[in-house]
Amino acid sequence: MIFGVPLQALLGQLLLGLINGAFYAMLSLGLALIFGLLNIINFTHGALYMAGAFAAWLVLTYLGIGYWGALLLAPLAVGLFGMLLERFLLSRLYKLDHLYGLLLTFGLALVIEGGFRQLYGVSGMPYPVPKELQGGWNLGVMYLPIYRGWVVVVSASVCLGTWLLVEKTKLGSYLRAATENRALVQAFGINVPMMVTLTFGFGVALAALAGVLAAPIYSVNPLMGSNLIIVVFAVVVIGGMGSMGGAIITSFALGLVEGLTKLLYPEAASTIIFLVMAVLLLVKPAGLFGKER
Amino acid sequence: MMIRKTILGTVLSVLIFGPVHAEIANHKVKIGVLTDMSGPYSDLAGQGSVMAAQMAIEDFGGKVNGWPVELVSADHQSKADIASAIARKWYENEEVDAIADLVTTAAARAVREVAKEKGKVDLDSGPGSLPLTNDWCSATGFHWTYDNYATAGGTATAVIKQGGTSWFFLTADYAFGHDLQAQAERVVKANGGSVLGSVRHPFPSSDFSSFLLQAQSSGAKIIGLANAGNDTINAIKQANEFGITKNGQSIAGLLVFITDVHSLGLETAKGMLLTTGFYWDFDEGTRAFAKRFGARMNGKMPTMVQAGVYSSVSHYLKAVQQANTTEGIRVADKMREIPINDFFAKNGKIRADGRMVHDMYLAEVKAPAESKGPWDYYKILRTIPGDEAFRPLSESTCPLVKK
């Protein structure tokens, strides 16, 4: 017994917390990537996560393409859309204050969500768990649906892969250099605008991928992103704006904290993350892993 | 042309109803539909409610005693302050005589206050909370389609009779959720069942796995969902995913709309019991309405809330016609006087507390193989007579009820 809760139940809840953390990680990673390298506070992230889930539902309903195809197609389509956004709208705002990008993306998010709501209503669409991942394992502490295990594996590998790509490869070093000094990197003959566009596309593709992963678990509905995006922003702020490693670690940690709260004092489950954020910002204004600027 | 029609109408109405004492003051009847157009309840009410009101007006001939009937609509965004501001503007400046739908309790309560103050009519179809006909009741306020007592009570009674004697509640942490749980608990305890625990989840929530796991370890036979809309949908979906329904525990949704079942899909929702005030495929009358409604709403079938808006608006118009006035209290008295007979309600009657008492239906969600086509979702297991479905008048705390 710990905190008056049987150990078994506690372990089960912690595991569930990790699973939720996996979703936060995929989303906050994209946000942190886009903020860290492009300095854009991307409020469309939640809407594009929703668009990813809808893309999966659309290709299933109208083209008969199932989960595995959607896992590839949805991020591609949404990533492409993101690149268009960046090229034609966001790129005009780089010289201005952060606030303009925030306003633009916030407005776009409302437009995208409004569009889906107009077309498909708000109660959501059913999306089945793929056959190969149905069922579950009895772990003793809890029954773990195979699909949830799969989500954690995909999320962890994508996070690790992205982190390695940015921190350990040549391409990643170009990206980081371009953040520090755009003009200089361009002088070396690297096409910085193209790189920025691709990075943005990749960041939102991550959101879409998370959307596809979420489709069989949550109801696919136009509001699913706006419910999540605020929490994910808090995660990014706690981790330190722009720190990718920070975003990943914080996501899993906060998933655990939230899981415990749901068990011990469920009424506070939706506020605990913001409480952590407020306290942390008082103590460490740059976040856990952020650099003071 | 207009003038001639108006004169003709007046003459006709004088001929039919004798000398006119109380006229319709502004030479028209105006009905407002105030609902959630974009938020979580916009599918079960929203545009469909506006369409239902419009159909009610059209079916009435667009005129009452010669005066044209106008329809306006607005989005209250499920916020009490917005609902209250729009209601005030409508009643005070725009000559609206009655406001219909009012989905979500917070909005309904806010409008009820304004309507009471102005002596105007409000026709609640969307909200579920019981206080609307108890502590907050009014002489000109009506609660039409369902309430938590009827839906939670009806479902809980049926579940207990099937042997579901021990319960655990997942409750949305706001007034509506608490009320829904209280209504179900009342029935569970009255029938010798036990409540093993409950957990209050934030509203709205998307991840229910943690709460479901707590429900699972409680060992209760029944997990009662005291929430609505997307919360209910996600909870049921995830209960399926975590194998809860396969391992002998059952889910009871205490307020389930047909749009929720549509969103869940029959494979996930099959076998679930629920109580509803209306099902489109119940008889000839309901099918005829649903067909006309569907033709104008992209094939969607009406929810009980939308059908209730039709019924309440057409009953209101009938009362205006017979009372020959739009003065709130006199129309309201007339509404209580005439029984309600349409596709929605058979011999429905309005009590002193404003409750419209009509039959409710206990339904079971069909399995995919039993469903013949889109929206063919329910088997009606039992008609619950109105007097059994709704809370007895003797228990009402409404000050208007004489004891």
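Helices and strands here are DSSP runs, numbered from the N terminus. This is a predicted model. Chains A and B touch through 31 residues of chain A and 35 residues of chain B.

**Contact between the chains**
- Four elements of chain A each supply at least two residues to the side that touches chain B: α1 (7-38), β2 (143-145), α9 (224-239) and α10 (244-264).
- The largest share of that side, five residues, comes from α1(A).
- By class, the chain A side holds 16 nonpolar, twelve polar and three charged residues.

**Helix pair α2(A) and α9(A)**
- Helix α2 (residues 45-63) of chain A packs against α9(A) at about 140°, and the axes are 8 Å apart.
- The two helices, α2(A) and α9(A), are therefore oblique to each other.
- Their crossing is right-handed.
- From α2(A), the contact uses A:H45, A:G46, A:A47, A:Y49, A:M50 and A:A53.
- From α9(A) come A:M224, A:G225, A:S226, A:L228 and A:I229.
- Seven of the residues in this helix contact are nonpolar, four are polar and none is charged.

**Backbone features in chain B**
- B:F203 and B:P204 are joined by a cis peptide bond, with omega about -10°.
- B:P204 sits in the loop between β8 (194-201) and α7 (209-218) of chain B.
- B:E95 is not a glycine, yet its phi is positive, about 55°.
- B:E95 lies in the loop between α3 (80-93) and β4 (98-101) of chain B.
- B:E95 counts as partly exposed, with 15 C-beta neighbours inside 10 Å.
- B:N347, also not a glycine, has a positive phi of about 55°.
- B:N347 lies in the loop between α13 (328-337) and β12 (349-350) of chain B.
- B:N347 is exposed, because 11 other C-beta atoms lie within 10 Å.

Technical notes
Residues are numbered from 1 along each chain as its sequence is written. Chains are lettered from A and ligands numbered from 1 in the order in which they are written. This is a predicted model: local features need pLDDT of at least 70, side-chain atom pairs count only at pLDDT 80 or more; totals for chains, interfaces and linings use all residues. Two residues are in contact if their C-beta atoms, placed from the backbone, lie within 7 Å. Ala, Val, Leu, Ile, Met, Phe, Trp, Tyr, Cys and Pro count as nonpolar, Asp, Glu, Lys and Arg as charged, and the others, Gly among them, as polar. Axes are lines fitted to C-alpha atoms, for helices over the stretch in contact, and angles run from 0 to 180 degrees between N-to-C directions. Angles under 35 degrees count as roughly parallel, over 145 as roughly antiparallel, 65 to 115 as roughly perpendicular and the rest as oblique. A crossing is left-handed if the near helix is turned anticlockwise from the far one by less than a right angle, and right-handed if clockwise. A residue is buried if 20 or more other C-beta atoms lie within 10 Å of its own, exposed if 12 or fewer, and partly exposed in between; C-beta atoms are placed from the backbone.
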